[in-house]
Amino acid sequence: MKHKTFFWFVLPSSLAMLLFIFFPIVSVLIQSVHVDTEQVIKEVTNCGPFGCETITAVDQEATQALKRENPIGRFAGFTTYLDRRHLAIDEVRAAWSTSNGIGSFIKQLVNLPFYKAMSFTLAFTFIVTPLVIIFGFIIAVAVNSAAKWMRGPLIFFSLLPMLVTPLIGALILFWMVDARGIVGNALQYLAGDPTLSVKASTPLTWIMLMVYGVWHSAPFAFIVYYAGLQSVNQDTLESAMIDGASRWEQIRYVIIPHLLPLTTFIALMQLMDNFRVFEPIVSFSAEAHATSLSWAIYNDLGGETRQLSSAAATSVLTILGICILLLPVLVRTWRDFTRK
Amino acid sequence: MTVQAQKRSHLLNLVLIAVLVIWMILAAFPFLWTLWGSFKVEGDFFSKANWANALTGPLTIRETGGSFTGDGYHGAWIKEAFGLAALNTMIVCVFVVTISLTFGTLGGYALSRSTYRYAFWFLIIALIFRAMPPITLVSGYLPVFFNWNLWGYLPTAIVVLVAINQPFTLWMLHSFFKNIPKDLDESAMVDGCNRFQAFRHVIVPVMWPGVITTGLFSFLLAYNDFAVTAMILSKENQTMVPKISSFLGTTQTKGNVMFAVAAVVSATAPLFVMVLFFQRQIVSGLTAGAVKG
């Protein structure tokens, strides 16, 4: 294809991505090193029947004028990154010097908003992703062994947890694990503790969010593995059988090597998607016990006072995290590409 | 396969069946439970006394006279104007899918036919963009949208969702177009078509299976989005998902959590129908990226 034709064909979609993905990233970078313009304070003398008094007030006009002049605020360097809501350098240093062991240091660290969000995001990403792969594989093997006429309905129901809106799926589970819901009741019965509430306990909230994550994503791994199982080379499998391979050996030496590239694909997609975990925290109203980076940005942006600089700084840190996560994949692609 | 099935031991069969039964319960039961419960009153769906009340519904009978009630639906659709949100969602989805597919087919086709190095890098950059959490981009849009007075309107959300959709759409359509033989459009070009005419008259008629599959996923992305629509749309223009989340803030205090339950069921129903009709396309779409590399 000629360069010129290629250019015109990709123009609409590159323009869309340039304007609404690339520029926002730049905009976030710029915002994160600026803070809101300061309010202009003026002294007003109010004279009433009991004499005059001088009070200070915000000069709305002057503030607005300053804002118009300087819409992105004033330059602040990295102060937003280093403040208490983000990397919290001072607090971390203080925690380091006062704590008497790595355990108590970590305990103080996860009380800081950014590290709290970071710890849950990382835990979620690296616990849910392998579980999704394992459960997806087990379900795929089971469905693949079912009778042909059953597979259609089985796949139909298996797809539901993944395709349903994340916020809605999480809400449905949340209502069931409510202390007055069916699963909540069952847990109380099993634990023999009628006051047990999943919502009130940090470890249980984490577990619940992760269970939701696995429930939501396992169908994706399942369907990819299922398609992979359909395309296993039957000749190889048969010759393995003739050579006397047991069922387990067939899985170990024929099927798993065949599915390995698919595992890389699933792992990549899941790492990207789990790192942005967000909706379940909103649905479960879990912010007291677990927050994520995406949730922290959402929290800064929402509400009466939109803290744009703070959200921008968290966004930049999140993007950095994503880049670190993707780095191994990119390096590998680059190696494959240059080898060709 | 039949040979293997005969060889399978009873124990293994039992394990496989157990896995399937447990998984089916996990996957389907929450939806059935919520559907059933949405026709009950709150005191039954969240029962302090006995969880089985949600099935039999003694309070529902006492409060409304029947064992099923449409109060939740009445509240959500009539009192809280959920219909408007549904309409907004429909508008957003139709436009997002149409525009995404138009842009995506052109770009995906070009990427599948170009043999130059930059096509590869284009796809890699798209992959990196695909990895960006939408909420980080939203924090980049907001100040600009506020300044230019674009915040709160449906078209803004549509354009943003189209752009967020692009990387994925490009990847998917790229792999579909790769499967359409090059000879097809090249012979058209030998016959005197230019590139666009070849695309228009030769590729467009055969691309629909791939486009429908990709369209389903664009639809899902637009329909399921919360991060963008919650932050960019004003209260009057809300789509269904942010509307449901706003129910949670207001209705839990009012004691009308059943509105949210009814709204959740209403918003899930179209997805059920979609999976029912397009199961094969969805499965082929999910596996296209993986199996073909």
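## Domains and dimensions of chain A

In this predicted model, chain A is divided into three parts: domain 1 spans 38-74, domain 2 spans 78-109 and domain 3 spans 114-291. Between the C-alpha centres of domain 2 of chain A and domain 3 of chain A the distance is 34 Å. The secondary structure of chain A consists of 15 helices and four strands.

Chain A has a radius of gyration of 27 Å, whereas a compact globule of 340 residues would have one near 20 Å. Along the principal axes, the C-alpha atoms of chain A occupy a box of roughly 105 × 70 × 45 Å. Of the 340 residues in chain A, 38% are buried. Where contacts in chain A link residues at least 6 apart in sequence, 66% of them join residues at least 24 apart.

## Helix packing within chain A

Helix H12 (residues 247-275) and H15 of chain A have axes that come within 11 Å and cross at roughly 175 degrees. H12(A) is therefore roughly antiparallel to H15(A), since an angle over 145 degrees counts as such. From H12(A), the contact draws on A:Leu268, A:Leu271 and A:Phe275, and from H15(A) on A:Gly321, A:Ile322, A:Leu325 and A:Val329. Six of the residues in the contact of H12(A) with H15(A) are nonpolar, one is polar and none is charged.

Helix H14 of chain A, covering residues 293-301, is mostly covered, with eight of its nine residues buried. The buried residues of H14(A) are A:Leu293, A:Ser294, A:Trp295, A:Ala296, A:Ile297, A:Tyr298, A:Asp300 and A:Leu301. Their cover comes from both chains: it includes helix H6 (113-145), helix H13 (279-283) and helix H15 (308-339) of chain A, together with H9 and helix H14 (227-232) of chain B.

## Domains and dimensions of chain B

The secondary structure of chain B comprises 16 helices and zero strands. For 293 residues the globule rule gives 19 Å, and the radius of gyration of chain B, at 24 Å, is well over that value, so chain B is more spread out than a compact globule. The box filled by the C-alpha atoms of chain B is roughly 80 × 70 × 30 Å along the principal axes. Buried residues account for 48% of the 293 residues of chain B. Of the contacts in chain B with a separation of 6 or more, 71% are between residues 24 or more positions apart.

Chain B is assigned domain 1 (2-75) and domain 2 (81-291). The C-alpha centres of these domains of chain B are 32 Å apart. Twelve residues from domain 1 of chain B and ten residues from domain 2 of chain B take part in their contact. On the side of domain 1 of chain B that touches domain 2 of chain B, at least two residues each come from H2, helix H3 (42-45) and helix H6 (71-79) of chain B. That side of domain 1 of chain B has five nonpolar, five polar and two charged residues.

## A loop position in chain B

B:Gly152 is located in the loop between helix H9 (134-147) and helix H10 (154-178) of chain B. With 16 other C-beta atoms within 10 Å, B:Gly152 is partly exposed. Apart from its neighbours within four places in sequence, B:Gly152 contacts B:Leu233, B:Ser234 and B:Asn237. B:Tyr109 is 43 residues from B:Gly152 in sequence, and their C-alpha atoms are 34 Å apart in space.

## The contact between the chains

The contact of the two chains involves 77 residues from chain A and 75 residues from chain B. On the side of chain B that touches chain A, helix H16 (residues 257-291) of chain B gives the most, with 13 residues. This side of chain B is made up of 56 nonpolar, 16 polar and three charged residues.

One helix pair that joins the chains is H8 (residues 166-177) of chain A with H2 (residues 10-37) of chain B; their axes are 10 Å apart, and the helices pack at an angle of about 75 degrees. H8(A) and H2(B) are therefore roughly perpendicular to each other. A:Ile172, A:Leu173, A:Trp175 and A:Met176 in H8(A) meet B:Pro30, B:Phe31, B:Trp33 and B:Thr34 in H2(B). In the contact of H8(A) with H2(B), seven residues are nonpolar, one is polar and none is charged.

Definitions and conventions. Residues numbered from 1 in each chain as written. Chains lettered and ligands numbered in written order. Predicted model: local features only at pLDDT ≥ 70, side-chain atom pairs only at ≥ 80, totals over all residues. Axes fitted to C-alpha atoms, helices over the stretch in contact; angles between N-to-C directions. Parallel < 35°, antiparallel > 145°, perpendicular 65-115°, else oblique. Contact = placed C-beta atoms within 7 Å. Nonpolar A, V, L, I, M, F, W, Y, C, P; charged D, E, K, R; others polar. Rg over C-alpha atoms; globule rule 2.2 N^0.38 Å. Buried ≥ 20, exposed ≤ 12 C-beta atoms within 10 Å, placed from the backbone. Domains from an automatic or database assignment.
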